[in-house]
Amino acid sequence: VTSRKLLAAGLAMVVLAGACSSAAATPSPAPSTAATTAPTTAPASQPASEAPSESVAPASPTPLAADPAEAVIPNVEQGAEIGFWTFYLSPTFDPYIKDTIARFEATYPGVKVKWEDHQASFKDDLNNAFNAKTAPDVINLSVSEGWVSEYAGKGVLLPLDDKVDQKVKDVYFPGLWKEQLIDGVNFQFPWYQGLNVELLNTAILEKAGFTAETFPKTIDGLPALCQAVKDKAASLCTIRLTISDLLAQMVYEGNVKVLSDDGKKFTFDSPEGVAWLQMYVDMVKAGTVDNTVLTTTDDRVGLNAFIAGGSPFYASGPNLARQVKDQNATLYENLGMVQTPLGKSNVSGKGLMSLSVKGDTKYPNASIALAQFFTNPRAMVEFAKLVPVYPSSQSAFEDPFFASAPAAIEDSARPIAKDIIATYADIVPTVPEKAKVNEIVRKAIESALFGGKGAQEALSGAVAEANGLIK
Amino acid sequence: VTTLRRRLIPYLFLAPALVLLGIFVVYPIIAVVGYSFTDFDIVTPPVPVGLDNYRALLDDDSFWLSIQHSLIYLIVTPILIVLSICLAIVVNRAMRGIHIFRALYFVPAVSGSIAIGLAWTWLFDRNGFINSVLLSWGLIDTPVQWLANPSMVLPIAMLLTIWAGVGYYSVIFLAGLQNIPEELYDAARIDGCNDIQKHRHVSLPGLRPQITFVAVISSLAALKVFDEIYVLTGKTGGILDSGVTIVFYLWKQAFVIGEAGYASAVAMALLAITLVFSIVNVRFLERGQGEA
């Protein structure tokens, strides 16, 4: 029994204790008994755009033959048995994952891989596993949700910079190799990438006087667009704040310097920070955005609103156009897709998924080899052929597949994917006490958006509170 | 030896239950007490911090807000009692198809709370059923963002709890009503009582044990509310924490923010509150049974 499970059970039992003591023969009340079960069953927040696709069952191509050129990691431990966890890839991609593992085992004889896919409870399972010291050797972590920095910050991931040859590092786009550094150190191999696009409901946009071509290229244009959507199309914009990492959103969208150079003070109450927040405050005051979507942690709330046909656009991954196709054929006929408007940082985003190695693995070289193998150009091209995700290495884009004309709208970004991904970079500094600081910032932002507090007052209060957490 | 064996045998029969109770109830509670004095993020080992978590609780506005919301939530208890009694009285009559009505009213009680919560989320969605009806009737010009309105989150969640609970509790009252001797109603009629007076002077006193019982379990259930908030607010607790109850706050601290040590301290505070409630309720229950 792990401490984590004990904690969940304990919290639930403590809640129950009072109830049990009231009358031994009292039956459990039927309605509203959530507290006893919810904490252990509550699904983790899972951005819809994170999973490559849930609705597509890709054809299983002929497995690639093993190629000795893929064996780029030396001194792999013989007899190693390594655990490998992925996030939301089974059963859709079972053939691909199993074929790739088989090729890896043929490429590195003597190494065995035990693969498991975890889904809604991925983070709970992983926390449990770390606590019980049974964590897998190679872990699929989301960069965009900040999981690499979260676990690396807790000291449970293996630093890679001094364990991987420079020629192997050079395979990846430089911005992706450095996409989630902790104190300047990298802890992940960049895996499959997504493109940040806006799915467009061109029917609503046309009513508002916009087209895909005139859709704003920068976020400064969103308030005017949303006002037009409200006035002329009687609809609301579905824009979602990155509630789980608001400081990152400030950095990308507002070019806000969130932390002083010496890391001793938060600085996100600067004029840039206030201007960024004020833009959203003004949109809320104008009643041009769906407030439920704006503050939800669940990407699917906005996606579902978009798929239902009730909103003009939604920032997502191109792969999710297929969900539109499956669930709303009428909308699919009117579907457009453009690159997400750039923020003031002019950086379009950071990577999507990565593979990390646990810090105390018994087989560091074998684990590094597996993480590198799945992220190498050959494996990535095969993956990209199955679903609209994109490789993390420049050479992978030299495959003719990426030059082929896209047949469907969800593939329409393929020819420009390389140029977009090449610009990805993590420009957010390592934030101390990140989860606590984010909660402080969330409250401050909500108090400005909905509580009538001024943007400056809200952010300055949050800075003062967050500074108290820096030791 | 025989005496010893005779003494031990009951414990032998009790042993399986005691072992399970020890593993799944007693030890976790003790563990949570221990964690409440630590800085524990689940992934790495806990670090002792003394009373820091409890000191932080006292200064934590969100914690006090969550307690306030949980206490407000207790309003569902008297409403549930009144509505359940009314419903029980309505269905406590011999008429064709009454069993179907009784079963229908009970349906929410056997439905999953997450499923009910999702259905209600769709009802109150910007493009949902309620807005569609209001728009079609011309009562509103633009869709109302019900669940994005901080003043509406808690009332909607409470309404859901009441809707889901009234059928269940009415069954308890129905059983109570059917145990009241018909002679008492006959005597009331002879004394000149009309229908309302009959229920006031016969049904309500006769239902006192059930009322006390329902008050106990529904108030404890209200204190522990989580599912409704979790689903209706999309796991956020609502804008400006408008729907955050104490159990939701506990969950968020432990499993979203990763402050399991602090969440354990919140759990201990909740334990104290529920114990006080339980003691008060048991006193009422005992008094009610004594007088019944």
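A:Ser149 has a relative accessibility of 16%, and it therefore counts as buried, since buried means under 20% relative accessible area. The model in which this value was computed is a predicted one. A:Ser149 belongs to helix α5 of chain A, which covers residues 147-153. Once its neighbours within four places in sequence are left aside, A:Ser149 is in contact with A:Gln180, A:Ile182 and A:Lys434.

A:His118 is part of strand β2 of chain A. Its relative accessible area is 13%, so A:His118 is buried. If residues up to four places away in sequence are not counted, A:His118 touches A:Trp85, A:Thr86, A:Phe87, A:Tyr88 and A:Asp125. The separation of A:His118 from A:Ser90 can be stated in two ways: the two are 28 residues apart in sequence, and their C-alpha atoms are 8.2 Å apart in space.

These residues may now be placed in the whole chain. Chain A contains 20 helices and eight strands. Of its 471 residues, 59% are buried. Among the contacts in chain A with a separation of 6 or more, 78% are between residues 24 or more positions apart.

One helix of the chain, α3(A), can be followed in detail. The buried residues of α3(A) are A:Asp94, A:Tyr96, A:Ile97, A:Thr100, A:Ile101, A:Arg103, A:Phe104 and A:Thr107. What covers them includes the strands β1 (81-87) and β2 (112-118), together with the helices α16 (364-374) and α17 (377-386), of chain A. Strand β2 is also the strand in which A:His118 lies.

How is the packing of two helices described? Two packed helices are described by the angle between their axes and by the distance between those axes. For α3(A) and α16(A), the angle is about 130° and the axes are 11 Å apart. This angle makes α3(A) oblique to α16(A). The crossing of α3(A) past α16(A) is right-handed.

Which residues meet where α3(A) and α16(A) are in contact? From α3(A) come A:Tyr96, A:Ile97, A:Thr100, A:Ile101, A:Arg103, A:Phe104 and A:Thr107, and from α16(A) come A:Ala366, A:Ala369, A:Leu370, A:Phe373 and A:Phe374. Sorted by class, this contact has nine nonpolar, two polar and one charged residues.

Definitions and conventions
Residues are numbered from 1 along each chain as its sequence is written. Chains are lettered from A and ligands numbered from 1 in the order in which they are written. This is a predicted model: local features need pLDDT of at least 70, side-chain atom pairs count only at pLDDT 80 or more; totals for chains, interfaces and linings use all residues. Side-chain values use heavy atoms; hydrogens and water are left out. Buried means under 20% relative accessible area, exposed over 50%, partly exposed in between (1.4 Å probe, protein chains only). Helices (H or I, at least four residues) and strands (E, at least two) are DSSP runs, numbered from the N terminus. Contact means heavy atoms within 4.5 Å. Axes are lines fitted to C-alpha atoms, for helices over the stretch in contact, and angles run from 0 to 180 degrees between N-to-C directions. Angles under 35 degrees count as roughly parallel, over 145 as roughly antiparallel, 65 to 115 as roughly perpendicular and the rest as oblique. A crossing is left-handed if the near helix is turned anticlockwise from the far one by less than a right angle, and right-handed if clockwise. Ala, Val, Leu, Ile, Met, Phe, Trp, Tyr, Cys and Pro count as nonpolar, Asp, Glu, Lys and Arg as charged, and the others, Gly among them, as polar.
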